[in-house]
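Here is a short briefing to read alongside the model. Please keep the structure open as you go through the points.

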Amino acid sequence: MITPVVEARVDGPLILVAEDNQDNRIIAVTILRHFGYRVIEASTGADAMQLARSEQPALILMDVGMLDIDGWTATRTLKAHESTKSIIILAFTAHTLRDDLQYALDAGCVGYLAKPIAPLRLVHEVARALDELSTRTG
Amino acid sequence: MHARPVPGGGWPPDGGAIGGFAQLLEIGVHGPISPTQARALERIHVNQQQAVLLITEFMHQAEERLHVRGDAAQELVQEDVR
C-alpha cells in the first residue's frame with residue numbers, strides 16, 4: 001500500500017494540465033485536485049496557450065507531443081511573452097532520449113516528467129518546482 | 001527531434017495509464033480500499049508492467065524487422081494489437 005507523503009494543500013496554487021491524452025490528463029488532474037491544487041485543463045496546444053494567458057497559472061504541466069502546437073513550441077512562445085514568462089513549466093514527455101532534460105531546459109521548462117505518469121511522483125515534482133520558485137522569490 | 005515513443009504516451013491507449021489509475025485507487029483518491037482490494041491492485045500493477053514490457057518489445061521488433069523507427073513502429077504494433 002502506497003502512503004501519500006505530500007502534505008495536502010487547501011486552495012492551493014493554480015495548475016494548468018496541458019495534455020491531449022485523455023487518460024493521462026484524468027490521472028494528472030485527479031491526483032493534483034486530491035492534494036488540494038486548483039486545476040484547469042487543456043487538450044490542445046492552442047487551448048493551453050490561451051488559458052495560460054487568461055488564467056495565469058502558477059505552473060503548467062506541458063505535454064510535448066500535442067498535435068496542433070507541440071509543447072516545446074508552446075513553452076518557447078509563453079517564455080517569450082512578458083505576461084507568461086514567469087509561469088513554471090514542467091514538460092511531459094513520452095520519449096526516452098538522454099538529452100531530454102537539456103532539451104526541456106533549453107525550451108524554458110524547469111524539468112520534465114517521463115510517461116507513463118506516476119501520480120505521486122507527479123505531485124512531488126509539482127510541489128518541488130513550486131517550492132523552488134517560492135524560495136527564489138522569497 | 002527524433003525519439004523513441006514509449007507505452008503510456010500516445011493515442012490510441014496502450015496500457016501505460018493502467019498503473020496510474022491503479023495508483024490513484026491505492027492512494028485512496030476515490031475512497032478507502034480493503035486489504036483484499038489492495039492485493040488485487042498489486043496484481044494489476046504486476047500485470048500492467050508485464051504488458052508494457054511486451055508492447056515495448058513488439059515495438060523494438062517492429063523497428064528492427066520492418067526498418068521503421070519511432071512513431072511508425074508504434075502505429076504498426078497498435079494495429080496488430082487491435
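In this predicted model, the buried residues of helix 5 of chain A pack against strand 1 (14-18), helix 1 (22-34), strand 3 (59-63), strand 4 (88-93) and strand 5 (111-114) of chain A. Helix 1 (18-27) of chain B also belongs to the elements they pack against.

**Helix 5 of chain A**
- Helix 5 covers residues 119-137, which makes 19 residues.
- From first C-alpha to last, helix 5 reaches 27 Å, close to the 27 Å expected at 1.5 Å a residue.
- Its buried residues are Pro119(A), Leu120(A), Leu122(A), Val123(A), Glu125(A), Val126(A), Ala127(A), Ala129(A) and Leu130(A).
- As a reminder for reading that list, residues three or four places apart in an α-helix point the same way, because there are 3.6 residues a turn.

- Strand 4 is largely enclosed by the rest of the structure, because six of its six residues are buried.
- On one side you will find Ile88(A), Leu90(A) and Phe92(A), and on the other Ile89(A), Ala91(A) and Thr93(A), with both faces covered.
- Side chains in a regular strand alternate between the two faces of the sheet.

**Neighbours of strand 4 in chain A**
- Strand 3 runs parallel to strand 4, and five bridges join them.
- Within this pairing, Ile60(A) has Ile89(A) as its bridge partner.

Terms used: Residues numbered from 1 in each chain as written. Chains lettered and ligands numbered in written order. Predicted model: local features only at pLDDT ≥ 70, side-chain atom pairs only at ≥ 80, totals over all residues. Heavy atoms only, no water. Helix = DSSP H or I, 4+ residues; strand = E, 2+ residues; numbered from the N terminus. Expected span 1.5 Å × (residues − 1). Buried < 20%, exposed > 50% of the residue type's maximum accessible area, 1.4 Å probe, protein only. Contact = heavy atoms within 4.5 Å. Pairing = 2+ DSSP bridges.
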